[in-house]
Amino acid sequence: MYYGAIDFTDAANGDGVRVTIFVSGCTNCCEGCFQPETWSFTYGREYTGETEDRLIAALSKPYISGLTLLGGEPFEPENQKEIVKLLRRLKNELPEKNVWAFTGFLLEDLLREDFEKHCEATNEILSLTDVLVDGRFELSKRNISLKFRGSENQRVINLRETLKENKIILLYD
């Protein structure tokens, strides 16, 4: 897995101050994407054990609320293999920290085992994620007044409650 950037004090991509990793690789290629350079799976730097150690160290600071996964696309199968390892470690070492993930895919599709992006790590990643912002960015539905999303079709889902209740529960309408 490659990543384009890490923001160690991000206040824009989730509640509180967060550590955000912008993974590389995305097949959605949404018109109007704010980071089209991250569509390439080899953009930026290679994600290594040292990268993971830096993320965990940054996340351990008391003023950090949690981790945000952005892209590119975290739910590309090529990225899920490393992301699941990071989330396991985070939940083991810092269980009080929350996880937000942004995806251009719909939750309903990610949950389907026959979905082309579903792999052996998908369900576990979803189970370790607290909030999921889903749906492709649609330039025609762009709305800069929305909280934590760029277009009106996207949803901010309380994923923990959604998986428990087996119905979509929105965090922000």
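The structure is a predicted model, in which local features need pLDDT of at least 70 and side-chain atom pairs count only at pLDDT 80 or more, while totals for chains, interfaces and linings use all residues. Residues are numbered from 1 along each chain as its sequence is written, and side-chain values use heavy atoms, with hydrogens and water left out.

**The sheet**

Helices (H or I, at least four residues) and strands (E, at least two) are DSSP runs numbered from the N terminus. Two strands are said to pair if DSSP finds at least two bridges between them. Strands of a sheet pair through backbone hydrogen bonds, either parallel or antiparallel.

In this model, 8 strands make up an open sheet with mixed pairing, in the order β3-β1-β2-β4-β5-β6-β7-β8. The edges are held by β3 (45-46) and β8 (170-172); each has a single partner strand, so one side of each is left without a neighbour in the sheet.

| Strands | Sense | Bridges |
|---|---|---|
| β1 and β2 | antiparallel | 5 bridges |
| β2 and β4 | parallel | 6 bridges |
| β4 and β5 | parallel | 4 bridges |

The strands β1 and β2 form a hairpin with 6 residues between them, and Gly14 in the turn has a positive phi of about 135°. Within this pair, Tyr3 has Val23 in β2 as its bridge partner. Strand β2 covers residues 17-23 and strand β4 residues 64-70. Going along their pairing, Arg18 has Gly66 in β4 as its bridge partner, Thr20 has Thr68, and Phe22 stands opposite Leu70. On to β5, the bridge partner of Leu69 is Ala101.

Burial is judged by relative accessible area: buried means under 20%, exposed over 50%, and partly exposed in between (1.4 Å probe, protein chains only). Strand β2 is mostly covered, with 6 of its 7 residues buried. Strand β4 is also mostly covered, with 6 of its 7 residues buried.

**The two helices**

Contact here means heavy atoms within 4.5 Å. Axes are lines fitted to C-alpha atoms, for helices over the stretch in contact, and angles run from 0 to 180 degrees between N-to-C directions.

Helix α1 and helix α2 pack at an angle of about 35°, with their axes 11 Å apart. In this contact, Glu52, Asp53, Leu55, Ile56 and Leu59 of α1 meet Lys85, Leu86, Arg89, Leu90 and Glu93 of α2. These residues divide into 5 nonpolar, no polar and 5 charged; Ala, Val, Leu, Ile, Met, Phe, Trp, Tyr, Cys and Pro count as nonpolar, Asp, Glu, Lys and Arg as charged, and the others, Gly among them, as polar.

Asn79 lies in helix α2. At 1% relative accessibility, Asn79 counts as buried. Leaving aside neighbours within four places in sequence, Asn79 is in contact with Met1, Val23, Ser24, Gly25, Glu73 and Pro74. A polar atom of the Asn79 side chain lies 3.1 Å from the backbone oxygen of Ser24. A polar contact is a pair of N or O atoms within 3.5 Å; within protein, one must be able to donate a hydrogen and the other to accept it, and residues adjacent in sequence count only if both atoms are side-chain atoms.
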